[in-house]
Amino acid sequence: MLFRSGFAVSRATTANQQAPNAFGWLQFPNLQAYTDAQAGYGTGTWFSMRGSGIAHYASVSAAPFVQKDFVRSRRLHITGGLRADYQSGFGVLISPRLSTAALWKGFTLRAGAGLFVRTVPNNVFMHVIQNDDLHLQQFMASDVSFAGIPEAQSVTLTSIHSKLGQDFTRPRELMQKASVERTIGKFTPGLEYTWARDRHLLGSRRLPGGNGWIDMIESNRDAETHRLHAQVAFKIGGHRLMAYYEWAHARDNTDGPFSFPPNQKDLRSEWARSTGSAPHNVVFTGSFRLPAGISVTLTDNWHGAAPYDITTGLDVANSGLYNDRGTLLRNSGNGPKFNSLDCYFYRRLPLPRLPHAKARMHLDVGVQGQNLLNNRNYIDVDSV
């Protein structure tokens, strides 16, 4: 039985120097509130930072692993392994993996499962360090107009600082995958199913504390994804056509470490469709060999409507977050669809052989066109 082992280690250092704007900034729920603030009405929330934003953070990650072939024959291959993931401040987490591949009556069958540990990004720790009330001090005041900013600077302000939650730990993902594929003449159809469950994902809550707010970054969010991937390939001569279809059912309750729920005490209602994850995706690809040594590749990408969050623009909780959704649930909006047809032409041109040259040189020439149908594709949608 064959053993394979290895060791990966990395060190990441992040440094940041932020100079706060002494005058701060005003945020408004809508255009009318902005107009009223110009007329002297207190309709905005004033934010300000003071202090020094100079900070740095360094982390070390290491991951030794060992892998073993339990069965290796012409029709069956079973492999298992263990990986020990280490990150500064979190100790060691063991993640096992197991995969198998088999040939049976012309079918190629594959299956695998494993635990995958994620690294906490350095910017999470940098955010906590810079907003710990020792480096930067962040404040807010409600019901402020443009003319009232000097007065807001002199009154008792509401402070905002950041902390890591209790039992903060690294995210991890349990994944299971199975696929089947078979060649029938010039066609090769295949089907793959993936299930993934993410635990200890990162998210934030703004909680009252002392004379202000505490932005608590926690690792108590989850996600679950089901993906069904179907493909078919057709090959004839020097031409190849492929079609992919993916159905995705993705649910979670976070948009990252710095995302906040409107109701800080109700994470259960945050469970909804994953942001930006379209349930239906189709890709067509064709590679063709033309005369005169020209190769051309056509790719058409189509993505269905992806969910996004719809907010009212109001700060109902008076916490400075402005992420109220009214009566809507998280990610209740459906974004625009996406379609792009791309083309790539390529040819290799031989160059004259140079005297005493051992090998002949070539010039690779390519022309690429994107979105040839000139579809208007929206990359981002405002939530308000």
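**View 1. Contacts around Asp85.** Asp85 touches Ala62, Ala63, Gly91, Val92, Leu93, Ser95, Val117 and Arg170, leaving aside residues up to four places away in sequence; contact means heavy atoms within 4.5 Å. This is a predicted model: local features need pLDDT of at least 70, side-chain atom pairs count only at pLDDT 80 or more, and totals for chains, interfaces and linings use all residues. Residues are numbered from 1 along each chain as its sequence is written, and side-chain values use heavy atoms, without hydrogens and water.

View 2. Asp85 lies in strand S5 (residues 76-87). Strands are DSSP runs of E, at least two residues, numbered from the N terminus. Asp85 is buried, with a relative accessible area of 5%. Buried means under 20%, exposed over 50%, partly exposed in between (1.4 Å probe, protein chains only). The Asp85 side chain makes a polar contact with the side chain of Arg83 (2.9 Å). Another joins the side chains of Asp85 and Ser95 (3.3 Å). A polar contact is a pair of N or O atoms within 3.5 Å; within protein, one must be able to donate a hydrogen and the other to accept it, and residues adjacent in sequence count only if both atoms are side-chain atoms.

**View 3. Strand S4 and its pairings.** S1 (residues 3-18) and S4 (residues 53-72) pair in the antiparallel sense over 16 bridges. Pairing takes at least two DSSP bridges. Here Ser10 stands opposite Ser61 in S4. S4 and S5 also pair in the antiparallel sense, over 9 bridges. Ser61 stands opposite Gln87 in S5. A hairpin is formed by S4 and S5, with 3 residues between them.

Note on methods. Helix = DSSP H or I, 4+ residues; strand = E, 2+ residues; numbered from the N terminus.
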